[in-house]
Amino acid sequence: MKITKKKLLEELNKDLEWEYAAAVQYVQHASAITGAQYESIQKELIIHSQEEMMHAVMLSDQIDFLGGVPTVDVEKRETDSDSLAMLKQDLKGEDNAIDRYKERIAQAEALKEYGLRRVLEDILIQEEEHKRDLLTVIKSK
C-alpha cells in the first residue's frame, strides 16, 4: 500500500494514543507492583512513563508540523494484580511500539519526511531500551 500524508497522520495519531496509554500504564504499574525483587524496576517504570510522555510531545509536535491535529484519545491500558504479569504487559506494549515505529520510519522515508524519520528513530531507540530493561527483570524471575 502506498502511504499518503493523510494515512501517515492517522497512524502517527494512533502512535500518540499508544504513548499516552503507556505513560498511564507505567505509572499505575510502578505504584501497584509489589515485592522487594521489583524495587529497582519500580523506579525505572517511572522513568519509562516520563519518557513515554516525552514521546507523546515529540509526536504531537510532528503531527502539528505536518498539518494534522494531535489526538487526545488514549489507547487501551492493561492492569493486573500480579507484578510479573504487569511487566509482561509492559513488554507487550514495548513490542507493539517497536513494530509500529519501524513501520512509521519506513513510511516517513517513503514520503521524504526526513525530520520526522529522525524523531521516530530517536523514539525507537528509547523503546528498545525500555524493552531491554523489562526483559532483564522478567528473565531473572
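Author: This is a predicted model. The axes of H3 and helix H4, residues 114–139, come within 9 Å and cross at roughly 160°.

Reader: So how do H3 and H4 run relative to each other, parallel or antiparallel?

Author: Roughly antiparallel. An angle over 145 degrees counts as that. The crossing of H3 and H4 is left-handed.

Reader: What kinds of residues make up the contact of H3 with H4?

Author: The contact of H3 with H4 has 17 nonpolar residues, one polar and 12 charged.

Reader: OK, next pair. How do the axes of H2 and H3 sit?

Author: Helix H2 covers residues 39–65 and helix H3 covers residues 83–110. Their axes come within 13 Å and cross at roughly 30°. That makes H2 roughly parallel to H3. H2 passes H3 in a left-handed crossing.

Reader: Which residues make the contact there?

Author: From H2, they are Ile41, Leu45, Glu52 and Leu59. From H3, they are Leu87, Asp90, Glu94 and Tyr101. The residues of this contact of H2 with H3 divide into five nonpolar, no polar and three charged.

Reader: Asp90 is one of those. Is Asp90 buried or exposed?

Author: Asp90 counts as buried, at 3% relative accessibility. The cut-off for buried is under 20%.

Reader: Which residues is Asp90 in contact with, leaving aside neighbours within four places in sequence?

Author: Gln25, Tyr26, His29, Leu45 and Leu134 are in contact with Asp90.

Reader: And how far apart are the C-alpha atoms of Asp90 and His130?

Author: They are separated by 9.0 Å. Along the chain, Asp90 and His130 are 40 residues apart.

Reader: His130 again: what does H1 meet in H4?

Author: H1 brings Leu8, Leu12, Glu19 and Tyr26. In H4 they meet Leu116, Leu120, Ile123, Glu127, His130 and Leu134. The residues of the contact of H1 with H4 divide into seven nonpolar, one polar and two charged.

Reader: What about the geometry of H1 and H4?

Author: The axes of H1 and H4 come within 14 Å and cross at roughly 30°. H1 and H4 are therefore roughly parallel to each other. The crossing of H1 and H4 is left-handed.

Reader: Switching to charges. How many salt bridges does the structure hold?

Author: The structure holds 15 salt bridges.

Reader: Which residues are linked in a network of salt bridges?

Author: Lys7, Glu11, Asp15, Arg100, Glu103 and Arg104 are linked in one.

Reader: Tell me about Arg100. Where is it, and is Arg100 buried or exposed?

Author: Arg100 is in helix H3. Arg100 is buried, with a relative accessible area of 14%.

Reader: What is Arg100 in contact with, beyond neighbours within four places in sequence?

Author: Arg100 is in contact with Glu11, Lys14, Asp15 and Trp18. Of those, Glu11 and Asp15 also belong to the network of salt bridges.

Reader: And Lys14? Which residue forms a salt bridge with Lys14?

Author: Glu17 does, with the closest N and O atoms 3.0 Å apart. Glu17 and Lys14 are three residues apart in helix H1, residues 5–32, so about one helical turn separates them.

Reader: How accessible are Glu17 and Lys14?

Author: Glu17 is buried, with a relative accessible area of 12%. Lys14 is partly exposed, at 28%.

Reader: Over to helix H2. What separates Lys43 and Glu39?

Author: About one helical turn, because Lys43 and Glu39 are four residues apart in helix H2. They form a salt bridge, the closest N and O atoms being 3.9 Å apart. Lys43 counts as exposed, at 55% relative accessibility. Glu39 counts as partly exposed, at 45%.

Reader: Last one. Which residue forms a salt bridge with Lys92?

Author: Glu78, with the closest N and O atoms 3.2 Å apart. Lys92 lies in helix H3 and Glu78 in the loop between H2 and H3, so the pair ties together parts 14 residues apart in sequence. Lys92 counts as partly exposed, at 49% relative accessibility.

Conventions: Residues numbered from 1 in each chain as written. Predicted model: local features only at pLDDT ≥ 70, side-chain atom pairs only at ≥ 80, totals over all residues. Heavy atoms only, no water. Axes fitted to C-alpha atoms, helices over the stretch in contact; angles between N-to-C directions. Helix = DSSP H or I, 4+ residues; strand = E, 2+ residues; numbered from the N terminus. Parallel < 35°, antiparallel > 145°, perpendicular 65-115°, else oblique. Left-handed = near helix turned anticlockwise from the far one by under 90°. Contact = heavy atoms within 4.5 Å. Nonpolar A, V, L, I, M, F, W, Y, C, P; charged D, E, K, R; others polar. Buried < 20%, exposed > 50% of the residue type's maximum accessible area, 1.4 Å probe, protein only. Salt bridge = Lys/Arg side-chain N within 4 Å of Asp/Glu carboxyl O.
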